[in-house]
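Hello,

Please find the structure below. My notes follow it.

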Amino acid sequence: MNMEKRDCSAEEFFVQRKVLDELHLDEVAQKGTWSTKPTLGEQMKESLRCSVPRLKHAVLSWVPVLSWLPHYSFRENAIGDLISGCSVGIMHLPQGMAYALLASLRPVYGLYTSLFPVLVYFIFGTSRHISIGTFAVISIMIGSVTERLGPDSNFMGNGTNGTVDYDKRDAFRVQVACSLTVLTGIFQILLGVVRFGFVVTYLSEPLVRGYTTGSACHVCISQLKYLFGVKPERFTGPLSLIYTLVDICRLLPETKVPELVVSLVALAVLIVVKEVNDCYRQKLPLPIPIELIVVIAATIITHFCGLTSKYSIDVVGEIPSGLKAPQAPDVTLFSDVIGDAFAVAIVGYAINISLGKTFGLKYGYKVDSNQELVALGLSNTVGGFFQCYSVTSSLSRSLVQESTGGKTQVAGVISSVIVLITILKIGSLFEDLPKAVLSTIVFVNLKGMFKQFMDVPALWKTNKVDLLVWLVTFASTILLNLDLGLAVSIVFSILTVIFRTQLPRYSILGHVSGTDLYLDTDTYKEAKEIPGIKIFRSSTTIYYTNAEMYLEALQEKSGIEIGKLLTQKKKREAKLKRTQEKEKKKAKKEAKKQNKAISHLSSGTSSLQESEMKERRVSPGQKRQSQGNGVDLSLTETPKNGRVNLAYQHDATMSDSDSDTGGHINTQASHSGDEDKATHSIILDISTTSFVDTVAVKTMKNIFRDFGEIELDVYLAGCQACVVEQLETAGFFSESIPKSRLFVTVHDAVLHILHKVGRGDFVLDLSCTTQM
């Protein structure tokens, strides 16, 4: 009976255990003795016991907080997490409100986004140091969608003044942002469940850094309207960033001087104090929370000086106190945002996992890429029901969380408590906060992204292909917007990989004296070719995109033109066949003559004597003339027995063939006479090949067949086990290509060939170097 293992509840477990015990007792009663062999009941019980650890492991892997929170050390971690949580929470307040403007939402929704997703990540995340919440790049991606689907023109009032109904507009944009966030979370959860975390490998570091730098330019230009107090038109599609910048420059004469002054003062204070924090980072116990100080100071000054009424400074406005009940997203919007949701899911995860793995390597713990996808997806999905928009980790907050002593995600819970208190009690106090101040906070936090421009000279020195990826990604992000720019950059990055595998480096290997190493003869002067053997290697896997070039490079590097040699061989064979046919015809004629001569023998000896007399009368000069013309009269004489000297005829044929074909036969002669120079064997080093497809197998077969026709032996060396299995499955090995042509290393193949051709001295030399 075939019993399958399955997970079960505790009640089912004990019921099944009781039944199994009864079955076991019945077996004992029937046998009369205890059996040393495990019975059916014992096997079932063992199966159930094994399922409990499996269930525990599954639960702990899906809910990581259960694995580390019970072992949390208050003595070692509590103080650091408390200080770190307070510092990060203080940063969450101004950044949450500022980044909400990037998403074209009211600032309070940035505070919501800094609360709920952080708590979800605390339960399901595996990184201990990253700070989940609002981020500039994700915010601007959300803002591009909300403005596209909810433009001001769709919410114009019915009056003659044509004012915008901001309440309806903002409510609709919240619905769009929440629907986009939930769909983003669903994508991330599905990718994590199917173990698709490796998708981030297609986003190389130059691509991510180029994309975030281009996104920083989008963020910067989107905040200029708050800095100068102007209202540019909204543009969509490619080149919209350029059009927006041009429009802002056109509106510069209409700049609101009070808002510009507020922006410049706040910007100067933020830059100076942040530089102080960087310079004295090792001496300061905590970084100065200048962002929060500026927000509080600007709010107080604006409120008590009446800047709103006097100078019409644009402020945050109403911030409702308390939390809102969760709401289901508008699923009808999914079809409009599905492409943007996937882009946000990939970009958010790429930023999150790159930052998480950085801290994981630094502090020696594992960050599960698939679980991070699930954790980020759940944070977005749950947050979308609580009117949050998409989140990811923030570099600035994560660095503060790490530098202030944070060691676990408990710091994230503490920061959420601070945000919660702000939302419930003191949020309304920030209603007079100028939006220009929030825009300056965004500007200052873009410093790290703009420093990535220094990647250009560094990549120019190290890797120009990566530099090209960086530049193409940056340019496409600037010119084609964030969604199309990401798609173009990913396609271009994959194409660079394809081109690099399609155009690998091919080399002829030589032996390094005193070792069993075989290196590129063009790169290493110590590597010398072994006479008569060509060792050929490609720097990448052989598959359908480069199989044809592999064959061309093999001929070029080895100096053996298969097509030309095969054509010459066919010509020689055809010429030899024609010559043999001529000889056959000549032999037939000679046979007829012989038959006639034999018939004349019966007429009497008189004619024979007469012919002998004529032969004696031939002068010596005439004989020399006949021999000079290549005719041996003694051999052309008809023999008495009437048979032709066929051995001579054959030699004459071969002589004619030699004189006609010239170079090839001389080459063969030199081959037999000088084995050190003529190539007789080729070794294909395919140690770099990780897989083979049908095109590669066909190409290999053609190489063995074509080189075999010109009497060159081909061998394979360095095959990985998986490649050998694929070759066997494809039917590569046969009588014409036996497995004896396959060797583990190039050195083994060389020793075999030298032993085969009788180069014992060379074999002994190489064997000695191997032992040394």
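Is D167 buried or exposed? D167 counts as exposed, at 52% relative accessibility. The cut-offs are under 20% relative accessible area for buried and over 50% for exposed, with partly exposed in between (1.4 Å probe, protein chains only).

First, the ground rules. This is a predicted model, where local features need pLDDT of at least 70, side-chain atom pairs count only at pLDDT 80 or more, and totals for chains, interfaces and linings use all residues. Residues are numbered from 1 along each chain as its sequence is written, and side-chain values use heavy atoms, with hydrogens and water left out.

Salt bridges

The count comes to 21 salt bridges. The rule asks for a side-chain nitrogen of Lys or Arg within 4 Å of a carboxyl oxygen of Asp or Glu.

D167 pairs with R106, and their closest N and O atoms are 2.8 Å apart. The pair links distant parts of the chain, 61 residues apart. D167 sits in helix α8 (residues 166-193). R106 sits in the loop between α4 (74-102) and α5 (107-113). Helices here are DSSP runs of H or I with at least four residues, strands are runs of E with at least two, and both are numbered from the N terminus. R106 is partly exposed at 29% relative accessibility.

R169 bridges to D152, with the closest N and O atoms 2.9 Å apart. This pair also links distant parts of the chain: R169 is in helix α8, while D152 is in the loop between α7 (136-149) and α8, 17 residues apart. R169 is buried at 13%. D152 is partly exposed, with a relative accessible area of 32%.

K534 forms a salt bridge with E529, with the closest N and O atoms 2.9 Å apart. K534 is buried at 16% relative accessible area. E529 is partly exposed at 37%. Elsewhere, shared partners join R106, D152, D167, R169, D170 and R173 into one salt-bridge network.

Cysteines

The disulfide count is 0. A disulfide needs a pair of cysteine sulfur atoms within 2.5 Å. C217 counts as buried, at 14% relative accessibility. For C719, the closest cysteine sulfur is in C722, at 9.4 Å, again too far for a bond. C719 is buried too, at 17%.

Positive patch

K577, R578, K582, K584, K585, K586, K588, K589, K592, K593 and K596 form a positive surface patch. Patch residues have over 30% relative accessible area and no salt bridge; like charges are joined within 9 Å, and nonpolar side chains (Val, Leu, Ile, Met, Phe, Trp, Tyr) within 5 Å. K586 lies in helix α23 (residues 562-601). K586 is partly exposed, at 44% relative accessible area.

Backbone

Two residues to look at. L239 is not a glycine, yet its phi is positive, near 65°. L239 is in the loop between α9 (205-228) and α10 (240-250) and is partly exposed at 34%. E711, also not a glycine, has a positive phi of about 60°. Where is E711? E711 lies in the loop between α29 (694-709) and β8 (713-717). E711 counts as exposed, at 62% relative accessibility.

Best wishes

Methods: Areas by Shrake-Rupley, 256 points an atom, 1.4 Å probe, with all protein chains shown as cover. Lys, Arg positive; Asp, Glu negative; His and termini not counted. Charge placed at Lys NZ, Arg CZ, Asp CG, Glu CD.
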